[in-house]
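Dear colleague,

I am passing on the structure below, and after it you will find my notes on what turned up. Please read them with the model open beside you.

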Amino acid sequence: MHIVEHVADVYNALADATRRMILDELTDRDGQTLFEICARLATKHQVASTRQAISHHLGVLEEAGLITTRREGRCKLHFLDTTPIDQIARRWRRRN
Amino acid sequence: MRINLASVLVDDQTKALHFYTDVLGFTKKSDVSLGDHKWLTVVSPQDPDGVELVLEPDSHPAVRPFKTALVEDGIPFTSFAVDDIDAEYRRLTALGVRFTQPPVEMGPVTTAVFDDTCGNLIQIAQATAT
C-alpha cells in the first residue's frame, strides 16, 4: 500500500527545520516559485542557504509527497499537499 | 563614473515599448534605428533625466536559455522602486499584467514579481514602513 511504502520518507522530510519552514510559508501562500520560497526563507527566517540547497529540500519534500509542482506559463510553482500528514494522523487515532 | 543605463533583454522591441510605456507608465527617451534593431530607451516620468532603461534585443543565442531558466525559477531580471506597491499591484492587475508573486513583505521591503510579456520577470519593491 502506498502509505506504508512512503511513510519513512515523510518523517525524514519533516525532520528538517528548513523543510518545515518551507511548508509553513506555503500555508501562508500556496503556489510559489523557487525565488519566492528562497526570498521568504532569507528575509523572514534568516535562512542563508543557497538556491541549490533550497532546491534540494524541495526535491525531498516532493519525493515524500508533501509538495507537488505545476507549471504555470513558463514558471514552476510549488504547492503544499498535506495528504501524507493526514495519513500519519489517522494511523494513531484512538479507535474507541 | 556614474551609472546612466540599465538593460532588459526583450524578445520584441515594439511589444516591449508598448508594455514599458503604455502599461508600466515609463516614457520613451531614445529611439534610433540601427538596421534590424533600435537603440530604444525609456525613463521614469518621475525622473526624466535619470537612469535610462535600454530595451535591448535578446537575439544572441545564449540569452534565450538564460532567460528561460530564470523565469522557470521565478527569478526577476531587475527591480523597480514603487511608492505604493499595493496600488501598483491593483493597477497593473487591472491592466492584465500577470503576477507570479503578489505583494509579500520580505523584511525591509515588500516585493511583487510580474511577467513583462517579453520573456522576463520584473520585481517591484517598496521600502517597508518603519
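A crossing of two helices is called left-handed if the near helix is turned anticlockwise from the far one by less than a right angle, and right-handed if clockwise. Helices (H or I, at least four residues) and strands (E, at least two) are DSSP runs, numbered from the N terminus.

This is a predicted model, in which local features need pLDDT of at least 70 and side-chain atom pairs count only at pLDDT 80 or more, while totals for chains, interfaces and linings use all residues. Residues are numbered from 1 along each chain as its sequence is written, and chains are lettered from A and ligands numbered from 1 in the order in which they are written.

Chain A has 5 helices and 2 strands, arranged along the sequence as α-α-α-α-β-β-α. Its C-alpha atoms fill a box of roughly 45 × 30 × 20 Å along the principal axes. Of the 96 residues of chain A, 28% count as buried, a term for residues with 20 or more other C-beta atoms, placed from the backbone, within 10 Å of their own.

Within chain A, helix α2 (residues 17-28) and helix α3 (residues 34-44) pack at an angle of about 110 degrees, with their axes 10 Å apart; axes are lines fitted to C-alpha atoms, for helices over the stretch in contact, and angles run from 0 to 180 degrees between N-to-C directions. That makes α2(A) roughly perpendicular to α3(A), the word used for angles of 65 to 115 degrees. The crossing of α2(A) with α3(A) is right-handed. Thr18(A), Met21(A), Ile22(A) and Glu25(A) in α2(A) meet Ile37(A), Arg40(A) and Leu41(A) in α3(A), where contact requires C-beta atoms, placed from the backbone, within 7 Å.

Turning to the interface, 12 residues of chain A are in contact with 11 residues of chain B. On the side of chain A that touches chain B, α3 and β2 (75-80) of chain A are the elements that give two or more residues, and α3(A) gives the most, with 7 residues.

In chain B, strand β2 (residues 27-34) and strand β3 (residues 37-43) pair in the antiparallel sense over 7 bridges, pairing being counted if DSSP finds at least two bridges between the strands. Val32(B) stands opposite Trp39(B) in β3(B). The two strands β2(B) and β3(B) form a hairpin with 2 residues between them, and Gly35(B) in the turn has a positive phi of about 70 degrees. Strand β3(B) also pairs in the antiparallel sense with strand β4 (residues 52-57) of chain B, over 2 bridges, and there Val42(B) stands opposite Leu53(B).

With best wishes

Notes. Buried ≥ 20, exposed ≤ 12 C-beta atoms within 10 Å, placed from the backbone. Parallel < 35°, antiparallel > 145°, perpendicular 65-115°, else oblique. Contact = placed C-beta atoms within 7 Å.
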